Every structure is written in structure tokens, then in C-alpha cells.
Amino acid sequence: MTGHGKGERRKQPNRRGTGVDRRKTLGGSAPQERRAAERRSQDRRSAGQRLEVILDITRQLMAVTDLDALLHTMAEQTANLLGADRATIYVIDRERNELWSRVALGAGEIRFPIGRGIAGTVAQTGETINISDAYKDPRFNPEPDRLSGYQTKSLLTFPMKGNEGRVIGVFQVVNKKGGGPFNAEDENTLASLGASAAVAVENAQLVAEQKRLWQSLIETLATTVDARDQQTAGHSQRVTRYATIIGRSMGWMGKDLEKLQAAALLHDYGKIAVRDQFLQKPGKLDEAELAYMKAHAEKTAEFLARLVFPLDMREVPMIASQHHERMDGKGYPRGLNADRIHIGARIVAAADVFDALTAPRYYKPAYPLDKTMELMKEMTGPHLDPRVMEAVRRAIPELARAMDELKSTWPKPTDEGMGTIAEAALSERDAATAATKT
Ligand SMILES: [Fe+2]
Ligand SMILES: [Fe+2]
């Protein structure tokens, strides 16, 4: 730790009134004393205002929806409040053992290892650093200044600590306007705001972690069902990609799109309960076998009903299980009329048929795009939703690109059962049959 001679001190966060080197502030020349006195009186005047801003930011935290936007506002207000030229909020990336600037006012994204520079030291030690002249401190890393042409002078750097006292980020303000160091009041203000920012960052990290866990769970479920049958290898992933393109073409975004993607990934999950002999039968299925095969849609609903979906995803099982319903009410498992089929399910249905036709199956080769579109046109109205099909047509170039990229996930001709494709079988196994086996 560097001594007071360098106008610096470190302290534990939240300990009031120990921040600034008084000798440095009070012991200088007359103009320095005048400036210090002005700053003290300004600090007293603004104490109420500071509290108001702190409370206001804390209130905003309660309703946080966009963390980056909130942190940006927080950095801006903190810089104003403390009379700082810049403010940066760094978040720790534990996987890479780095700090990165989630919000950097007046600078681009910065990344550096924990332990490096002032912010890196604060991240490592968990102690506040308040220095009046960065260039006199050996821990200061002048590289960002050199690259940007900026001149750092005073620095106040505070550790943001999470629930268990672990440092999760660093809050830093740079260059007190009017010169001189940041004072004890600044330290206290930053401590309060830093604590609020820590809550926001930790919550956001928790939500992101839960989301990753959830996503990996549904992807694993989809992979499990695709792996049961080589002819449908990668089917769920492809249907998800196509449904996303069609959804976007219809103007879907955000949560709606996420819901659609989850339903597309899981739409055939019920196939986990269909016996291999029916799943992999190369020839035509008889009535009883077809009924058994069709039960997968009902099974999808049944299995997914056991998963506790987040509130905004509660429709996923319903959307997934309706992917074989038809607009004319002749679909399965419920034979729902058009107005009772969720629009998301109509999108998944189109994406499902698109993949069944474009990818090779036991009973059919990969159809080219123009033949696929021709067959889907015939299905529009009684089977597929005309509104969804309009979106499909608008998205043809994008669907074609995705299909080319996804060809590597198609079943290979050498895969078990794939060599049994018989040209003679193609006429009886036309689009309609293909669609019932999707
Ligand atoms: Fe499917
Ligand atoms: Fe299906």
C-alpha cells in the first residue's frame, strides 16, 4: 500500500469518514485551501441531493429489466453527483479471471486480468482505493490512457460485493472536476451506490445462470429424443432454427420468440415413449401403428406438463403438443379447429413440415426447395395456416441459407435404415404422409 505522501489511502467499504487524506486537502497553499473549503461547502449543500439520487437509483433497481441500461444511468448519475469526469462499472468474469467494463462512460470496452491496475487490485483485495494522482501509484496501468489519449489523475475505486461478501465487480470514478482528490463524502456515496449496483449485477447474473441452466436442460431433452432415431437426427434443432426464422418474419421477438424456440425444440419430445419398431419402420405404417406413432403429440403434452416452466413460458407444452393439429380440424391429437390452435403451434407445424420435406428420411430423399414449397403450397389452407405460409415465403432466402448450413446435421445415407429408401415407395409416401411422420 502506498502511503499518504502520494495522497492515497485504502479502506474497508462503508466505513464512514475515513476516506480522504486531510493533510493533503487542508495543508496546501491559500488557493488550495479555498478550493477545498468550496468543495466542503458544496458537499454539505449536496448531501440531501446525494441521498435523493441514491434512493432514486435504489428504487430503479427494484424494477430492473435492462441491467445494462440501469448500470449506464447509474454510472452517469454517479459521475455527476461526485463531480467526476468519467465512471466505469467493471464486472468480474470468473471463468476468464478477468474484469470487463459493463459500462464505461467515455471509453470503449475494457478487459484486463484481475490483479492488474487499480481496478484489478480492488477486485483482488476487496478494498477501496482512493488516489489523487494515478501516475504516482505503481499499481496504476497507464496503457488505456496511452491508447485513448486520456489523462487520468484522481481515481476512486470501490469493490462491489455480493451476498456472500465475494467481490463481483468494481465501481470506479475518474478525475474529480476542479482538481484535487475525491473526498470522504464521495467514498460514502460510492459505497452506497456500489452496494445497490452489486445487488443489480448479482441478480442479473443469477437470472442469466438460471436461463443458461434452463436452456441447456431443454436442449438436452431435445437431443435425447433426436438421438433415439437416426433418421430424425438433428430434427428438433433444425425445426427450432426454421421456426425462429418464420417467427421473425412474422415480427415476433423477445419473450414470444423464446417461447416459440422452446416449443420447437421440445415439439417431438413425446417420441421418447414411441417404440423403436414404429419410429424406425422403413415401410408404410398400418392403422394401429400410425395411431401409436401419433400418440407422440399427446405424450409431448403429458411429459412437458411435469416440467415447471417459468411463468412467461407456461404456453410451451400447449404449443409443442399442437404441432400436428390442422387448420381444417382433421389433425391430431385433439382435432382442434383453426381458431383453437395456438399461432405458435402453426409456426412450429410449418417448420416441422419444411424439415420433413427438405431433409432425407427412410421413405424419401431430400426434396429440393422448389418441390418443398410446391408441396407446402398444396397443404396451405386445410393443413397449414395461410398467414404463416406468407411469412415462410417472405423468408425463403433465409430458410434456404439455414437449410444449407444444417445439411451437416441430416441423417447420412450410410446411417442405419437410410439405405432402404425405395424409389417405388416415394409415390405413396407423398407430402401428406411425410407430414404425418414429422
Ligand atoms: Fe417433428
Ligand atoms: Fe411430431
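Two strands pair if DSSP finds at least two bridges between them. With that in hand, let us walk through this predicted model, in which local features need pLDDT of at least 70, side-chain atom pairs count only at pLDDT 80 or more, and totals for chains, interfaces and linings use all residues. Residues are numbered from 1 along each chain as its sequence is written, and chains are lettered from A and ligands numbered from 1 in the order in which they are written.

The protein has 17 helices and seven strands; these are DSSP runs numbered from the N terminus, helices being H or I with at least four residues and strands E with at least two. Of its 438 residues, 39% count as buried. Here a residue is buried if 20 or more other C-beta atoms lie within 10 Å of its own, exposed if 12 or fewer, and partly exposed in between, with C-beta atoms placed from the backbone.

Six of the seven residues of β6 are buried. Its two pairings look like this:

| Strand pair | Sense | Bridges | Residues standing opposite |
|---|---|---|---|
| β5 and β6 | antiparallel | three bridges | I131 and L155 |
| β6 and β7 | antiparallel | seven bridges | F158 and F171 |

The hairpin of β6 and β7 has five residues between the strands, and G165 there takes a positive phi near 80 degrees.

Beyond its neighbours within four places in sequence, V173 is in contact (C-beta atoms, placed from the backbone, within 7 Å) with residues including L156, F182 and L190.

Where does K136 sit? Its place is in the loop between β5 (128-131) and α5 (143-148). K136 is partly exposed because 13 other C-beta atoms lie within 10 Å. Between K136 and K153 there are 9.4 Å in space, C-alpha to C-alpha, although the two are 17 residues apart in sequence.

Notes. Contact = placed C-beta atoms within 7 Å.
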